[in-house]
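Hi,

Here is the structure I promised to pass on. Have a look at it first, and my notes follow below.

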Amino acid sequence: MEKAKDRARLAVDIGGTFTDLCLEWNGKLTSVKVLTTPRAPEEGVLGGMTEILKQTQIKPADLGLVIHGTTLATNAIIERKGAKTALVVTEGFRDSIEIAFEHRFEQYDIFMRKPPPLVARDLRFGIPERMDGRGNVLIPLDEAAVRTLAPKLKAAGIEAIAVGYMHAYLDGKHERRTRDILAEVLPGVSISLSSEVSPEIREYERWSTAVANAYVQPVMDRYLGRLDEALRAQGFTCPLFMITSGGGLAALETARKFPIRLVESGPAGGAILAAALARQCGLDKVLSFDMGGTTAKICLIDNGEPQHSRTFEVARQYRFLKGSGLPLRIPVIEMVEIGAGGGSIASVDSLSRVHVGPESAGAEPGPASYGRGGTEPTVTDADVVLGRIDPAYFAGGSIKLSSDKAGIAVDKAVGTKLGLKRLDAAFGVSEIVEENMANAARVHAVERGKELQDRTMIAFGGAAPIHAARLAEKLGIRRVMVPSGAVGGRLPDGAGRLRGRAQPLRPARRRQVRPGLRQCAVRRDARRGRGRGQGGCARGPAGRNADLRHALSRPGPRDHRRPAGRPVRQSLARQAHQAL
């Protein structure tokens, strides 16, 4: 009988735009990237699994383990695309979820807006019942009131219900009885109990966590159920485990019942990868930077271990300040996550300010450059316009991008409104999303009393390596590390190789970047002719000149134009000369 350790291991990570799969067998890694299918995520997973098994000539029965990470729950909360949810609480406490901690996270902004709860006030209902702080029943549960509530919930089209009673963490019998009654009269509606989701003192965090669990449960339960059925039908017999927010593993049944524990599932796998690389390379202080198609995640790692916590705040909205997001009471790897990814949509507001995210084009329709019906400009479109992405070799050549459609989208939504040329408009989009991520990293570090300047950035994910250098420059970080095959974050054992060689540009790629390099050279010469501080290139909203020397420099905290080593500088210079 074949030993379990000798059998193949498969890792799956569903993001907002792409689904990545990595298979490890006999010391070899094979990876596949496919578009996520938002309406039925399991279709993308199954398609990717079919492709990766075909490439490796492995049968479903040869798999010994499937580990699954996903950002579906996170993205649903950030983009407010979860189920229509109701909240049932102790009578007189339906506004506790909105009152929160009774403090302002920004004392001096009179226009400050608190993040709206996931459940609107008209969908929050009070039920007569009460327990004291020792679990003694003061007011029995009014079962008739619970039954009366059912028609209202049905008329409102409620898909999920969160139940949270005072002091239920001591004894959840009132919550359980409420669930039994509602399940009887409202079959098919998901019900989450605060006493099971987060059985801890402090009703606001407990109820907030229960509401978030209910909000994402229908989506995650349907997806995981369909995936499990499809895998069994295709002959997969190995166990399937989900990565939890704390970096551990959960059985499928637990994940379906408490999907809120998966809210940082995919990012947790990335943090584990970064921590493993930090230990292998002897790095004491690391900043993990994971940027995908919908969100960007930043995590501080000290002495080879990411920081852990029992509380977490998702979807921060106001300058990433503590208190501007939704608090969750779950074990989690501490990180900050914002709506900034390759698919994040760029727009211009009434004050002529460029905004990027948190709304994302996702995989359907996707960025304009995908040619799948998307018309709004995204970060990926801006990168295509700037020549940072090879349109013919995106996602390993599996997706052909349209530079023309990307440019048209950037012009229409940003360039025309601000009177900017296409390159400047695209650069403004890129600069704004990078500043958003830099600001989030600064706030995250300050809240934990940490410094960023002496850290090494480990960048991975579909979009992170493209934006890593500029982000590092903004944060004063002097060293950036990009793992080879960053999808290996789901299988840390095989992810120790680094890619640092300068690769020569292919002739076709040289022809594509030649116009941009020439324009950079013209702007460089014009700026030098006008003297310091009078740059000859048009400045976009971000206010940074495009300079060819920027590509040949390594950022540092004191000298942001510190030259790279001679071999690297000479190699890049030769490529630029050939392209010109």
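First, a term: I count a salt bridge when a side-chain nitrogen of Lys or Arg sits within 4 Å of a carboxyl oxygen of Asp or Glu. By that rule the structure holds 30 salt bridges.

Before the details, some housekeeping. This is a predicted model, so local features need pLDDT of at least 70 and side-chain atom pairs count only at pLDDT 80 or more, while totals for chains, interfaces and linings use all residues. Residues are numbered from 1 along each chain as its sequence is written, and side-chain values use heavy atoms, with hydrogens and water left out.

Helices (H or I, at least four residues) and strands (E, at least two) are DSSP runs, numbered from the N terminus. For accessibility, buried means under 20% relative accessible area, exposed over 50%, and partly exposed in between (1.4 Å probe, protein chains only).

Now the salt bridges. Arg226 pairs with Glu42, with the closest N and O atoms 2.7 Å apart. Arg226 is in helix 7 (residues 203–233) and Glu42 in helix 1 (residues 41–56), so this pair ties together parts 184 residues apart in sequence. Glu42 is buried at 7% relative accessible area, whereas Arg226 is partly exposed at 31%.

Then there is Glu435 with Lys474, at 2.9 Å from N to O. Glu435 belongs to helix 12 (residues 422–447) and Lys474 to helix 13 (residues 464–475), so parts 39 residues apart in sequence are tied together. Both belong to one network, in which salt bridges with shared partners join Glu431, Glu435, Arg442, Arg470, Glu473 and Lys474. Lys474 is buried at 18%, and Glu435 is partly exposed at 30%.

On to the sheet. Two strands pair if DSSP finds at least two bridges between them. An open sheet is formed by 6 strands in the order 3-2-1-4-11-12, with mixed pairing. Its edge strands, strand 3 (28–35) and strand 12 (249–251), each pair on one side only. Strand 1 (residues 8–14) and strand 4 (residues 63–70) run parallel and are joined by 7 bridges; Ile14 has Thr70 in strand 4 as its bridge partner.

Helix 1 packs on this sheet too, touching strand 1, strand 2 (18–25) and strand 3 (contact: heavy atoms within 4.5 Å). Its direction makes about 145 degrees with that of strand 3. Axes here are lines fitted to C-alpha atoms, for helices over the stretch in contact, and angles run from 0 to 180 degrees between N-to-C directions.

Cheers
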